[in-house]
Amino acid sequence: MSGGHSHGDAAIETRGLVRQFGRFQALAGIDLVVPRGAVYGFIGPNGAGKTTCLRILAGLLDPTAGSVRVCGLDAVRDRDELARVVGYMPDFFGVYDDLLVTEYLDFYAACYGLRGPRARRLRDDLLELVGLAHKAGEMVHSLSRGMKQRLGLARALIHDPEVLLLDEPASGLDPAARIEFRELIRELAAMGKTVLVSSHILSELADFSTHVGILARGRLLVSGPIDRVLAAVRRRSARIRFALAAAGWDGGAAGRVTAGAGSQGLGAPGPVDGSSAETWPGREASFNQQVFTDPAALLARAREVLARMPEVTHVEEPEPRAAAAAAPGAGAGGGAGATPADAAGPTAGGAGAPAWAAAGYARAPELIVDYEGDEATLAAINAQLVAAGLPVAHLAEVGGSLEEAFLHVVESLEEPGSRQAGQPGEPGPRGVRS
Ligand SMILES: Nc1ncnc2c1ncn2[C@@H]1O[C@H](COP(=O)(O)OP(=O)(O)OP(=O)(O)O)[C@@H](O)[C@H]1O
């Protein structure tokens with residue numbers, strides 16, 4: 001492996017990378033840094049500029065402006081040397097498919113001046129690595145798409161490059177093949193390769209990438225270690241479900257005050273009954289939960305409490321709280337039993353239906369709460385709700401899926417003032433090549 005091209009810790013470093021196609025700006029000034037040994041997930045929607053960027057890094061396309069260094073080599077000036085340190089796997093398979101698998105790799109090995117028994121041994125090792133040893137004597141065109149992808153990877157590895165550029169390697173693969181591919185990339189990383197792998201699906205890359213960058217409209221929106229990027233782009237939301245008591249429940253022996261059906265129970269100020277405070281050994285905590293029998297009243301009170309929390313940015317109900325077909329005995333005072341009930345299953349009046357159903361609602365009272373902060377913030381939100389007497393039955397983080405985070409970042413490009421990429425009249429490119 002060629003090791004004499006070190007350029008700090010970065011295997012790839014671009015500054016102000018611009019690529020124009022006529023008047024169209026496919027890359028609008030990219031500063032990309034991929035540390036040595038990283039598996040860098042390069043994510044962006046169709047047309048973002050991923051392929052354009054990868055082709056420039058591979059020395060197959062000239063930048064319009066900006067500087068590009070790979071393993072310390074200049075992608076334009078040192079193009080011949082660059083070809084030796086970079087392995088590029090394009091997003092579609094080449095045309096040489098009327099060859100045997102071995103011939104196909106021998107052909108590419110020869111392009112790098114690799115011939116003879118050593119080259120053949122290397123070829124066989126690579127076929128082993130990508131799981132195609134059993135197909136060595138087959139025609140390339142007889143391989144499945146997943147196998148062709150793996151052969152493409154073997155081809156990109158034939159000259160033992162330091163840096164691998166893989167353009168959408170998992171596209172068109174079935175789930176099992178994707179998992180295999182992922183394993184392969186992990187193996188390559190363990191071998192010390194720097195891997196830049198593109199995809200338009202964030203979750204496809206998230207579990208094996210050490211670093212990630214999101215490209216949209218020719219701009220690198222975020223880039224860095226995956227944990228930091230995900231923390232930065234993730235919109236935090238929680239689903240909070242509240243317990244509803246059966247209508248008419250009087251609080252039982254605990255002596256809690258019943259908030260009657262409708263909102264009249266909300267008149268009860270603050271902690272409803274000091275005598276019901278429960279303490280735990282070594283703690284001064286007290287438990288003053290209010291009892292709600294009306295979902296609308298409960299949610300109104302919860303919104304009121306949440307509105308006072310600066311960390312909460314948005315509150316909404318998950319979907320319209322349609323009333324269910326009126327259950328027998330539903331509505332004010334309809335529940336005859338004395339059992340507190342919540343969405344998790346306890347029933348109203350022992351009749352088999354949860355209290356919210358008995359009250360005529362389609363589901364348990366819930367809110368989706370967006371907040372700024374981390375898990376500790378969510379715990380604090382929970383504590384404040386409980387301290388205000390709200391019967392929190394269930395609380396879970398939601399909406400943090402990678403795809404949502406990705407869409408959120410990409411959509412932010414559409415917001416006024418931020419729509420610049422690929423548009424005429426942009427600030428001039430930096431680092432213009434002479
Ligand atoms: N040779 C070319 N001539 C003109 N426009 C081009 C050329 N190559 C790419 N483009 C344009 O540049 C933009 C970026 O294309 P690119 O292929 O780099 O995107 P991508 O992120 O790889 O997209 P995809 O996920 O669809 O492969 C697109 O709008 C594309 O039409």
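## The ligand shell, the cores and a strand pairing

Helix α1 provides 3 residues of the shell around the ligand, the largest share. The model described here is predicted. In total, 13 residues surround the ligand, and the closest are F21, A26, N46, T51 and T52. Two elements, β2 (24–30) and α1 (50–57), each supply at least two residues of this shell. Sorted by class, the residues around the ligand are 4 nonpolar, 7 polar and 2 charged.

The chain as a whole has 434 residues, of which 40% are buried. Its secondary structure amounts to 12 helices and 17 strands. Among contacts with a separation of 6 or more, 71% are between residues 24 or more positions apart in the chain.

What is the size of the largest nonpolar core, and which residues have the most contacts inside it? This core has 70 residues, and L57, V70, V86, A154, V163, L165 and V195 have the most contacts within it. Helix α5, residues 145–157, gives the most to this core, with 5 residues. Another core, of 29 residues, lies apart from it; A297, W356, A358 and A359 are among its members.

With neighbours within four places in sequence left aside, V86 is in contact with L57, A58, G59, V70, P161, V163 and L165. Of these partners, L57, V70, V163 and L165 are also listed, like V86 itself, among the residues with the most contacts inside the largest nonpolar core.

| Strand pair | Residues | Sense | Bridges | Residues standing opposite |
|---|---|---|---|---|
| β1 and β5 | 10–21 and 65–70 | antiparallel | 5 bridges | R15 and S67 |
| β5 and β6 | 65–70 and 73–74 | antiparallel | 2 bridges | R69 and D74 |

β5 and β6 form a hairpin with 2 residues between the strands. In this hairpin, C71 takes a positive phi near 50 degrees. As a general point, side chains in a regular strand alternate between the two faces of the sheet.

Note on methods
Residues numbered from 1 in each chain as written. Predicted model: local features only at pLDDT ≥ 70, side-chain atom pairs only at ≥ 80, totals over all residues. Helix = DSSP H or I, 4+ residues; strand = E, 2+ residues; numbered from the N terminus. Buried ≥ 20, exposed ≤ 12 C-beta atoms within 10 Å, placed from the backbone. Contact = placed C-beta atoms within 7 Å. Core = buried A, V, L, I, M, F, W, Y, C linked by C-beta atoms within 7 Å. Near = placed C-beta within 6 Å. Nonpolar A, V, L, I, M, F, W, Y, C, P; charged D, E, K, R; others polar. Pairing = 2+ DSSP bridges.
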